Amino acid sequence: MQNTAIQKALPPAEVEEKPAASTDDAKINEQKEAAETAKQSATLETEALKADARKTENALPRVDFDKTETVCTTRWIRLDTLSYHVPLAKGDVATLRKWDRAVRTTKQSENSIDAVVILAILKNDVDDPTKDEIVCVKQFRPPVDAYTIELPAGLIDADEDVASAATREFEEETGYVGEVASVSPNASYLSPGLTNESASLVRLEVDMTLDRNIRNHESRKLSDGLEGCEKDRGLEKLLLPRVGLLEALHGLQEEEGVKVFTALYSLALGMSVSETKRGSKTVNDTPHFPLVHLELEDDDRNHPTSATAHQVTSALRDTGFL
């Protein structure tokens, strides 16, 4: 009983209480944590830049497509901002540079071919190449606010190959039926500083003995295959001479104020250089063909021997034909 009374008489033991953290202390802790997180992020970013520098050092420029940003999109065109690395000298800090480009919304993949450009030469007289004509088209192009002279061309549909697209577009735009003679092995890029649009150059042969081609050749300029905006923009076929093509284009530019498609002008310029080269081997504008005497040999099957083939090749080269 005494122990119990003593216990009751004793004051309760004091419990040491820790003061609650103040609001200011909590803010300080949050700031410290945020600063530590930012420091870690900066460290990771620095390491990433160093890794990019090691990849880029003495390497070719490259686009980081994972960082591509789409600015805006319309029905036919998308505007992207690309990020690309450039070669760096040792010790430089890697940086990303930016480049804007236009992309066709119909493009299937980064390296897919968007369109076909068609070269078709009408052989009006197999014995006289000066009567050859190149099939072109004339149409109004809103982006340049003018009529243009172009080679026939068009987009490749999703389910088409290059050859099929070429024959379809050629018939739609010009009315002629053509057969594929060759397809360029690689795509060509029309304006690589602005867009990744690419095209395949297809050469078509047009049989002018076919009734359909004969009727089309003599008919009006507009093709019955035109529809939609091509018809509204007055697309029509235009036949220009193969020999003297550059002069013909210059004449149209001066007389009608048309603008010329780069590929067509490049073709005309190349042909002009070739014509000039051939012309330099003439005397008084009269072709001069030197006579070359060759001792030719045949094998047992009446086939030219390799020595004969070499002599013929050398003779053609010496006289300017190769």
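The side chains of lysine 67 and aspartate 64 meet in a salt bridge, with 2.9 Å from N to O; the term denotes a side-chain nitrogen of Lys or Arg within 4 Å of a carboxyl oxygen of Asp or Glu. This is a predicted model, in which local features need pLDDT of at least 70 and side-chain atom pairs count only at pLDDT 80 or more, while totals for chains, interfaces and linings use all residues. Residues are numbered from 1 along each chain as its sequence is written, and side-chain values use heavy atoms, with hydrogens and water left out.

The structure holds 16 salt bridges, including these:

| Salt bridge | N to O distance |
|---|---|
| Lysine 67 – aspartate 64 | 2.9 Å |
| Lysine 138 – glutamate 256 | 2.6 Å |
| Arginine 168 – glutamate 160 | 2.7 Å |

Salt bridges with shared partners join Asp157, Glu160, Arg168, Glu169 and Glu172 into one network.

Relative accessible area is classed as buried (under 20%), exposed (over 50%) or partly exposed (in between), using a 1.4 Å probe and protein chains only. Aspartate 64 is buried at 14%, whereas lysine 67 is partly exposed at 38%. Lysine 138 is buried at 18%, and glutamate 256 is partly exposed at 43%. Glutamate 160 is buried at 19%.
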